[in-house]
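Me: Hi! I'm new to this one and would like to walk through it with you. Could you take a look and help me find my way around?

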Amino acid sequence: MSDRTDRTRLIASATRRGSGRRPVSPPVERASTLLNDAPGALRDESLGPVYGIEDLSAARELRALLADLEGAADVWLVPSGLAAVTVPLTALLRSGDEVLTTDALYGPSRRFLKRHMGARGVTTVFHPAEATTGAVLAALTDRTRVLLIESPSSLTFEMLDVPALAAACRARGVLTVMDNTWAAGLAFRPLAHGVDVSVQAVTKYVAGHSDLLMGSIAVADPAVGRSIAETLEDLGWRVSPDDAWLALRGVRTLPLRYAEQARSALIVADWLKARPEVAGVLYPALPGSVGHDLWRRDYAGAASILGVVTRGGDEAAAHALLSALELFGLGYSWGGFESLITHETGQLAGRRSPPKLAGELLRLHVGLEDAADLIADLETGLAAWRAAVS
């Protein structure tokens, strides 16, 4: 089994034999109460879940597949990608502790650290988004309990040397938690590179259809996992059986969708890079872009989300560009089958040290549409941008 590819392993469990005639995917079990044949079986966990708050068939199968994908001892499912970040932080941090993370951190994760963890005595320290490995490690203190890693970072896609950071943190007794949604557990496996906790927004690539919210938390060390499992038990957080079934459906085709969307994204990024209206493309898989050398060294693929910096312009021009598009939907999220675009300059103001960009920042997610059609749509958008700035 271990020498099979991801695309084979994610499907093989559906066709395994030995369980008699059955559907390809497990049934959706909607249940709060689970009945037993005898009083002595009521709390016998060897017979399976004892109550509906525990994971039923579809969720158990999804957890097993994600654990295999991540190389994890265990994986837990939570109701959103944000919860996948907040649960490990809640489990691993205590009053008086410090968490170190990038200034480019995902906005809701930043809000959680400031508003929720700050009120409970946990201090957050932000290192510059473009910090070197040495600079990140120099920001660790005796109080640092967790290094929260985003690589690539949100919106501006800076890369970190994750293996080096994980090794140095382990030597210092600092735990590492990495948001690995960008790599989807396919292009990069944090646990194999020494990271303690790998989290994903299953909402994005795993589900793949923009129709559910979910997150996953993966660990290699059962001792680290115990704190996370107990926190989830205490909070009572689980995912619905319907959503688990939908995400299980999505994960079967994850490698194909991920690779195809990355192929199109690179075509679009390369085209945008040559446009006179564009000052820069932020996409680690693009040669010459931010973090390309680290991406090439450590990653086996790339997501299909990228940043585009216009050459000058203002918010009105950016909105003119977005309004002229027909194939790119105007909406947040990414990883689904459809292409999306948002204007992100305003979000940068929340950083301690906002980057100095040559113009407006747009975020593109490239879906499964034909790359040539997407480029033609962007050509129309750039024409509207030129008219707005002239």
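Me: Which residue of strand 6 is the bridge partner of Met 178?
Reply: That's Ser 198. A quick note before we go on: this is a predicted model, where local features need pLDDT of at least 70, side-chain atom pairs count only at pLDDT 80 or more, and totals for chains, interfaces and linings use all residues. Residues are numbered from 1 along each chain as its sequence is written, and side-chain values use heavy atoms, leaving out hydrogens and water.

Me: Thanks! How do strand 5 and strand 6 run, parallel or antiparallel?
Reply: Strand 5 (residues 175-179) and strand 6 are parallel, joined by three bridges. Strands here are DSSP runs of E with at least two residues, helices are runs of H or I with at least four, and both are numbered from the N terminus. Two strands pair if DSSP finds at least two bridges between them.

Me: And which sense does strand 6 have with strand 7?
Reply: Antiparallel, over four bridges, with strand 7 covering residues 215-219. Val 199 has Ile 217 of strand 7 as its bridge partner, and Gln 200 has Ser 216.

Me: What does strand 1 pair with?
Reply: Strand 1 (residues 74-78) pairs with strand 7 in the antiparallel sense, over five bridges. There, Leu 77 stands opposite Ser 216.

Me: Why is strand 7 called largely enclosed?
Reply: Because five of its five residues are buried. Buried means under 20% relative accessible area, exposed means over 50%, and partly exposed is in between (1.4 Å probe, protein chains only). Gly 215, Ile 217 and Val 219 point one way from strand 7, while Ser 216 and Ala 218 point the other way.

Me: New topic: in what order do the five strands of the open sheet come?
Reply: The order is 8-9-12-11-10, with mixed pairing. Strand 8 (278-282) and strand 10 (329-330) are at the edges with a single partner strand each, so one side of each has no neighbour in the sheet.

Me: And how many bridges link strand 9 and strand 12?
Reply: Five, in the antiparallel sense, between residues 305-310 and residues 361-365. One of the residues involved is Gly 307, whose bridge partner in strand 12 is Arg 363.

Me: Last one: where is Thr 133, and is it buried or partly exposed?
Reply: Thr 133 lies in helix 5 (residues 133-138), and at 25% relative accessibility Thr 133 counts as partly exposed. Its C-alpha atom is 6.6 Å from that of Leu 165, 32 residues apart along the chain.
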